Every structure is written in C-alpha cells, then in structure tokens.
Amino acid sequence: MQRRDFIRSGFQLAAVTALAAPSDILKAEADLTKDMSFDPSLWMGDLAIVNANVYTLDPRKPKAQAVLVRNGRILLVGSTSEIRSQARGIKVLDAGGSALVPGFVDTHCHLDTTANGLAGLTYDEWFDNPPQSVPAMIAKLREIGAKTPPGKWIVANGVIASAVPEKRLPTMAELDSLGIPNPIIIRDNGHNCTFNSMGAKLKGLLTSEDQANMRWKTNGWPVRGGFVTRDDQGRPITAYDYCGVTEDLFTPAEQADAVSKMINKHFVSGGITTLCQLPAMGGRNHYYGLQMLQQQAQLPMRIRAYFTCPYQNSVEQILSLGLARGFGNDMFRMGGIKIFVDQARFGGGEITLDEDTENPSAFNASAGQRMMHQFDEDELANLLVQIQSRGFPVLMHVLSEAGTELCMNAVKQLRERRAGLLQLPHRVEHWRPTLENAKKMKDLNMFFSIIATAPNYPADWAQSPGTTYRDYVAAGCRPVLASDFAGGYHQLNHPIYSIAKACNEQSGGGDAAAGQAIDFETALKTWTLWAAESTMQAGDRGTITPGKLGDFSLLSGNPGSMKQDALMTLKNDVTILGGKVVYER
C-alpha cells in the first residue's frame, strides 16, 4: 500500500481520533476513584515500513530499506524483501524512497507555558509582536482586564524589556494604576517578572519580610533561589528567575485542555516522539494534567518529566519522594532535574559576569544584561552529589562562559569524589561553549545543548555568530539541538528544519559559521542519538535498532539525493509512535 493510500485507509488512526474532536477535559476532572493509569497497548502497534531510505544511526547497520515493528518495538531492520517476508498479517507502509529516521527527541521544552499561551490562558502576543512602549503595555493590560473575571490571574509573557525604549518592565505602581481587581504577573522572556500589589501579595513577595518567610507548601523548607530588586520603599521591582511564583495559576484540567489543543500541530507534526518536559510555570498541576490526557488517550507523545530547582521545588523535596530516574512506563517516566546556575538577564546589551552577586545595586536596567550565579563551585558540586545518588542526570541552565566553567569545575569535583561510579551525562543548557571548554566537557562526559531555530523565528533570534558545528564534532563532542519552547509564539517545532540549518552556513541561510556546516547524518544525531544519550534514553530510542521503540519520522524526501541548501525544504510527512501512525501531513 502506498503511503498516501495507507494513511487514507484509516488504518491505526484510532489512537488519534480523540485529538480531532473538541476536548471534554474541562467538563470533568480526572476520576479520582481510579488509578491514574491507561492501557499502554494503545501505543503498541504492528507495522512494516518498506522501500525507505532508512537512516538507522546504528554503526552495525547504518543503512537499510525497511523496518518491522511488532508490539510497539522494532523487531527487524533489513531489506524490503526481508521485511515483506516477515510481515504476514500486518499492514505495510510503502515509503516510496523517502527517508525514515528515528523519532525526534526534544530534550528541553516548556510545554506548559507554550500550551497556555497558544490556548489563551496567558497573553503571549508579546513574543510574536513585542510591545512598543511601557504605556502601550499598560493600555493592553487595561483591555485584557476588562475581559477578565475579577480575581482571575492575568499573566502576560513576551520579549519585553529589551524591546521597549524604556528598557524595563512596568512598575508595580504602573500596574496598580490600572485599578482592576485581578492579580497580575508580567513575565519577561520566561524568566524575570513583575507584578501588581495583589499578585505580589498572593505570591509572598510584597515585602522583603514576606519573601524571607517563603516556604515550600509541601515540607515547610525555605524557598531558595531567585533575586528580587526593590525600590526605596521596599516594593518589588523585578523578580529574577522566581519561576515558582507562577505555580498553580491554572487547574490540571485547564492545563490538560491547553495541551490537547496544540500538541499535534506544534510537536507531533514535527516528528517529535519524545519530549523532555521542564515546567516553567510549576509542575504539580501540569504533570497531573498530562496524566489526565494519557488516561484519556489524548497524548501521543512520550514524556520524560524533569523538575526545576531551586525555584519551583527544592532538590531535597524531589529526592525525598524516593523515586529514581526511569520510574514510570514507556509513555511517562521520571527524567531528571534542571538547576538554574546563572541568570538575571534584564534589558539590552552584552551579557557580562557580575562578581558581586550580593549587591542589589548591581542589577539595574542601565547596566544592561547582567549575570548572577546561584551557587559557588562547592555548593553546586554538593548538589550534584546529592542528585546523582538517585541516578538523575542534571540539566544546568547557563548563559555565560563563566557559568559553563563553574559547571565544569563542579562536575570535575563530582567525578573525583565519586570515582569508580557511573559517570552520569550531566548537561549545560543554552550556552555554546568555546571549543577548548567543549573538549573539556567531552572528557568529563558532559553534553551541551543549543537552542534550535524554527521556520518563523524572529530574525534577531538566529544564532549569531554562527555555530561551529564542524569543530565541535571533529573534537568528538556531541552537541544537542532542542526547542526550548517556552511561550505561545506561533512558530512550529520542526526539528528537521533546524537539522537542515546545521547543514548550511549562515551565508546560505543556515546556522553554521563559515566552514562549519556538517552533513545530514551527523546533524540528524543532534535531535536523535545524541539527544537520547544526553538524557540517558539511548537504551530504547535514538537509533533504529531491533529492540528499541518503534518511533519514527518519515520525511518528504531523501536527503541523500538532495543538495545541502535544498534540505531546508524537507518536511516531516508521517510520525509513527510505537508502530502506530499518529500524524500525517
């Protein structure tokens, strides 16, 4: 059966028919009298894919023509004739010569804030269309307030401080001047926020005394992390990386409904089959909502659950649960922990390291973007020792070379203190290290991730200067591309596009620096094999190998017969999860 006929026949589409219907999630919370479980066989199918150019990424058999999946896992990889002879009684998909690649693994995504923005739970238009000025922001918030029921949170997100001529967020006084009966939080690029008095009071940040007394609701331990600047009267100006203040603003049902409306269009459609989720607005309600979706068969995506520390949870709080990495099932597992190592971006200008992290006056709009470290080397090393004792890999949020070196030194200390034990692949997020530091990270079994570009990213979000992919790979490093989707801006998450960008220099519309483009198969590893290795998932995904999950992306053409610049026209045609078709373009 040819590919289009195969899809139109309706074979195995039962798994995704629920996604096409309007969600009923908001009408009923999960049935708490039942276990929050589901039938995993829903995503375990039988399927033969033939006449494909299979990029296995398995050095033992790098290329093949066909794949056989039974009960959701790969049984056989070989020639078309071999697979056809073993495919009696099951449907066969003829790929027509197109490339079949492993399902993409997005190792850094904030599904909660992305879904909330796209569903209208938050106002995220300032990502696509940044505000023109602070007064323009206030006018828009007044308009939003007129449509919002009293007492309901108003959350607005976007690229704000660097976009407006004032180079700042609205003040509390300006937000209070609206006179609306709603708590307000304005989040700048997902990290820094400001509020009106009602919002600050509800979140325990109105006064420095309130802030000092903040405790985790679960265990009463002090909240660590973040930094709040205050004016001469003690009122908060900006909360830097207090992501925890946005915890529990929406119910699990609201979160689930938001995800159900966008997961196919923005993730499944791109060939993504595994998503490492890092909640940016709190994990409790969000993760509960995702489990509701899985219970109702409305989430065709494997979730690897991460927890953000120290802003949303304390490390001790997570470890005290007694759970280990990998706990769960093939559709929802514990993944690891994300730690904010440095942050505090505000305003425009070049990022610089501020050594005096205890000096509040160091953080102001006129100074441009500044950096503060949340830990010293010994503190971070002690934290890594704690976390690694439960087998969790750590993603470390870093936006400076000095922050990268801090992470490297802490991991080196960890290796020395735990010599002889398994060296978990801890990872630095977002920062492209110097080649010298990248080599040191490789020797420490560390990875680093790079934010991938999407087809309609704003022009000024492009990697500048271009990425030195070729040098990284030649040195034996394994860079990882990830979406870092964090808001409701209306681009689509298509890994194949960012893979193609790595195959082309900036002068030709790509992301690579001059002389730094890499070949397609190498670039493919940034979203598959290396992504899986960096998050300790390579045992069952990342390559097309017998025994691994039957997750694939069937592309619109064959990269092996295309010029480098033509790769950017490639699309994901079919997404296959566990041998079941869950998306067709």
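Which residue lies over the face of Tyr-55? That residue is Lys-63, at 4.8 Å from the ring centre, where a charge counts as sitting over a ring if NZ of Lys or CZ of Arg is within 6 Å of the ring centre and within 35 degrees of the ring normal.

Before I go on, please keep in mind that this is a predicted model, in which local features need pLDDT of at least 70 and side-chain atom pairs count only at pLDDT 80 or more, while totals for chains, interfaces and linings use all residues. Residues are numbered from 1 along each chain as its sequence is written, and side-chain values use heavy atoms, with hydrogens and water left out.

Let me stay with the rings. Across the whole structure, a search finds six aromatic pairs, meaning rings of Phe, Tyr and Trp (its six-membered ring) with centres within 6.5 Å, called stacked if the planes are under 30 degrees apart, edge-to-face if over 60, and tilted otherwise. One of them joins Tyr-55 and Phe-520 edge-to-face, at 5.4 Å centre to centre with 75° between the planes. Because Tyr-55 lies in strand β2 (residues 53-55) and Phe-520 in helix α18 (residues 520-525), this pair ties together parts that are 465 residues apart in sequence; helices (H or I, at least four residues) and strands (E, at least two) are DSSP runs, numbered from the N terminus.

Tyr-55 is buried, at 5% relative accessible area, and Phe-520 is buried too, at 6%, where buried means under 20%, exposed over 50%, and partly exposed in between (1.4 Å probe, protein chains only). Elsewhere, ring pairs link Tyr-287, Phe-307 and Phe-332 into a cluster.
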